Amino acid sequence: MELFTNQVLAGIATGAIYACMALAVVMIYQAIDHLNFAQGEMAMFSTFISWQLMQWGVPYWWSFLLTLAISFAGGILIERLLFKPLAKAPVLTNVAGFIALFAIVNSVAGLTWDFTIKQYPTPFGSSPFLGSQLISTHQVGMIGVTLLMLIGLYLFFQFTRIGLAMRAAAALPESARLVGVNTSWMIALGWGMASAIGAVAGILIAPVVFLEPNMMGGVLVYGFAAAVLGGLSSPLGAVMGGFLVGVFENLAGTYIPGVGNELKLPIALALIITVLVFKPAGLFGRAIVKRV
Amino acid sequence: MSVAAEDTVTEAPAVEAVPKRAMTLGTGTSLVILAALLVTPVFVKNFVVFQMTMVMIYGIAVLALNILTGGSGQFSLGQSAFYALGAYTSAVLMENANMNYALTLPIAGLVSFGAGYLFGKPALRLTGIYLALATFALAVAMPQLLKLHFLEHWTGGVQGLTVMKPDAPFGLPIGQDKWLYYFTLAISVAIYVGSVNLLRSRSGRAFMSIRDNEIAASAMGVDVAQYKTLAFGVSAGITGIAGGLSAIVVAFVAPDSYTINLAIALFLGMVVGGVGWLPGSFVGAAFIIFVPNIAESISKGLSGAVFGVLLFIVIFLVPHGARQVAIVAQQMLGKLKK
């Protein structure tokens with residue numbers, strides 16, 4: 001039982017990373033209706049920007065705020081420059097665009113900051129939380145920030161005019177345009193917000209996985225998986241999905257014989273697919289009903 | 001904060017409709033290209049011949065994806081898994097059962113067909129992004145499964161397997177590379193012709209009707225589940241043959257050659273070649289083989305960025321891939337004739 005509780009705790013701690021990333025993934029999915037494969041790389045780049053700012057002597061919280069602003073602007077810029085012209089292109093062409101963006105961002109970060117791993121500071125400290133060795137104050141802080149973001153997003157989408165306009169633009173673009181919503185800018189705004197949320201995720205994750213250009217590779221896969229498991233239409237589902245994936249992955253690694261680190265990912269993915277076969281819209285997602 | 005109204009009216013399908021006739025090149029053009037391919041190896045170096053062979057092999061794999069996505073409208077990021085399955089089937093049969101290399105290919109195709117067909121069953125319930133994730137999982141799992149300890153006796157574990165490169169038969173006076181080039185060319189042509197005919201057949205029309213409107217297709221009496229799994233099987237089978245060919249030509253298989261990167265490359269090949277346009281598969285294959293090399297030669301440190309920029313340029317200029325170029329060229333030729 002001791003082992004079980006510990007593994008669940010450790011799973012929640014890693015799950016927080018996935019939850020963060022999944023939240024960013026769902027955010028952009030809501031805005032543009034595609035999964036952005038370059039999301040992880042954009043988050044990594046943002047994290048490097050904040051690291052660079054700190055190297056130049058900017059205090060932690062200032063660099064945090066500056067990075068958020070830069071990421072927000074950067075996200076909008078990427079949308080305006082690269083993806084707005086592709087808005088009418090086929091979906092698969094857009095996906096190819098994400099892959100291209102992935103390659104560019106990864107390569108530029110590698111050249112600018114090279115591939116050696118870097119320490120990244122945490123504002124929460126890394127002492128054990130309440131005497132538990134498995135979960136540190138940083139990880140608790142991470143869970144806290146993720147939940148705060150979730151509540152913030154909920155309030156934004158539910159109670160502000162612009163949040164409502166964004167939802168409308170995503171759900172029924174044509175009707176939204178008819179009532180005067182500038183759908184094109186709503187998409188850009190979605191990119192900006194997703195990029196900023198990604199930056200927060202990157203900054204929170206970096207102290208755990210260390211900072212390097214490929215730090216997001218594994219995390220993004222889990223983030224996608226968590227988002228899909230929870231349901232792409234539900235940010236709450238994405239966060240829950242993140243924790244579930246984290247816990248399950250840990251338990252599978254502990255209790256199923258023969259599952260080393262190598263097979264953790266395939267097993268986690270296999271479970272997610274099994275869930276999807278029974279609940280195709282994810283655990284918390286609303287089934288999309290098509291009227292013909 | 002769920003999105004409000006979710007009962008949207010039928011939206012445009014993810015893969016745009018490509019009419020049957022627009023899926024191929026004309027007979028004349030095809031024959032000219034075939035003749036050019038037959039003559040080229042005489043004039044170029046062995047390394048170029050090898051690269052062209054690889055283009056054809058990747059072309060077959062991209063073509064298989066094209067049948068699945070462009071034909072039946074299903075999306076897959078798991079093609080690398082079937083490619084690996086085919087490659088390993090060929091390699092293991094050649095190494096452990098001393099089988100003739102040419103005979104291993106149909107078996108590789110059959111094994112992959114079976115795997116694809118079985119995988120298509122549970123995947124039936126998934127569409128779009130969810131199907132992408134499921135196939136992605138398959139691609140991620142495959143290299144790990146090939147490394148499993150209890151398979152090591154056959155698969156060679158992390159080390160992989162080295163196989164013998166076959167010589168030209170009947171004492172033909174050509175080198176190994178050139179022989180394999182013609183061997184691959186023959187198989188490519190056979191698969192290409194077969195695929196074109198498949199898409200023109202009753203089954204092909206069923207695939208396309210599912211792609212364009214699943215509900216309408218089932219109302220017209222198309223067994224949607226059957227044809228969707230069949231498309232998965234056929235696509236996986238052809239990919240398996242491509243994998244088997246690659247094992248013969250490269251003379252080496254290892255788990256890490258078949259990662260998700262391969263699946264992504266095949267996907268890019270399909271987009272660059274034009275989704276649903278079969279000849280484009282080979283153009284796309286050339287793109288994914290040569291462009292990374294070009295990018296590397298332009299800048300070593302920034303090769304990824306250069307590749308990304310080149311890819312962006314291509315999709316900006318021709319969002320519909322090589323198919324668009326072909327259509328424009330055809331129209332210009334038509335004008336010249338007048």
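Modeller: Let's start with burial: a residue is buried if 20 or more other C-beta atoms lie within 10 Å of its own, exposed if 12 or fewer, and partly exposed in between. Keep in mind that this is a predicted model.

Colleague: Fine. How many residues of α5(B) are buried, then?

Modeller: The count is 14 of 19, so α5(B) is mostly covered by that cut-off. The helix runs over residues 128-146 of chain B. From first C-alpha to last it reaches 28 Å, close to the 27 Å expected at 1.5 Å a residue.

Colleague: Now single residues. Is D114(A) buried or exposed?

Modeller: D114(A) counts as exposed because it has 11 C-beta neighbours inside 10 Å. You'll find D114(A) in the loop between α4 and β1 (128-129) of chain A. Check its backbone too: phi is near 45 degrees, a positive value in a residue other than glycine.

Colleague: And what is phi of A251(B)?

Modeller: Near 65 degrees, again positive in a residue that isn't glycine. A251(B) sits in the loop between α10 and β2 (252-253) of chain B. With 18 other C-beta atoms within 10 Å, A251(B) is partly exposed.

Colleague: On to helix pairs. At what angle do α7(B) and α10(B) cross?

Modeller: For pairs, an angle over 145 degrees counts as roughly antiparallel. The axes of α7 (residues 176-200) and α10 (residues 224-250) of chain B cross at roughly 175 degrees and come within 11 Å, so these two helices are roughly antiparallel.

Colleague: Which residues make that contact?

Modeller: L180(B), T184(B), I187(B) and I191(B) come from α7(B), while α10(B) brings I238(B), I241(B), L245(B), I248(B) and V249(B).

Colleague: What is the handedness of the crossing of α1(A) and α10(A)?

Modeller: Right-handed. This contact has 16 nonpolar, nine polar and one charged residues. The axes of α1 (residues 2-32) and α10 (residues 235-255) of chain A come within 6 Å, crossing at roughly 145 degrees.

Colleague: Last one, the interface. How many residues does each chain put in?

Modeller: In general, the size of an interface is often given as the accessible area lost when the parts come together. Here we have residue counts: 52 from chain A and 42 from chain B. On the chain A side, α4 (91-113), α5 (137-159), α6 (161-171), α9 (216-230) and α11 (261-278) each supply at least two residues.

Colleague: Which helix gives the largest share of that side?

Modeller: α4(A), with 14 residues. The chain A side as a whole divides into 39 nonpolar, eight polar and five charged residues.

Conventions:
Residues numbered from 1 in each chain as written. Chains lettered and ligands numbered in written order. Predicted model: local features only at pLDDT ≥ 70, side-chain atom pairs only at ≥ 80, totals over all residues. Axes fitted to C-alpha atoms, helices over the stretch in contact; angles between N-to-C directions. Helix = DSSP H or I, 4+ residues; strand = E, 2+ residues; numbered from the N terminus. Left-handed = near helix turned anticlockwise from the far one by under 90°. Nonpolar A, V, L, I, M, F, W, Y, C, P; charged D, E, K, R; others polar. Parallel < 35°, antiparallel > 145°, perpendicular 65-115°, else oblique. Contact = placed C-beta atoms within 7 Å. Expected span 1.5 Å × (residues − 1).
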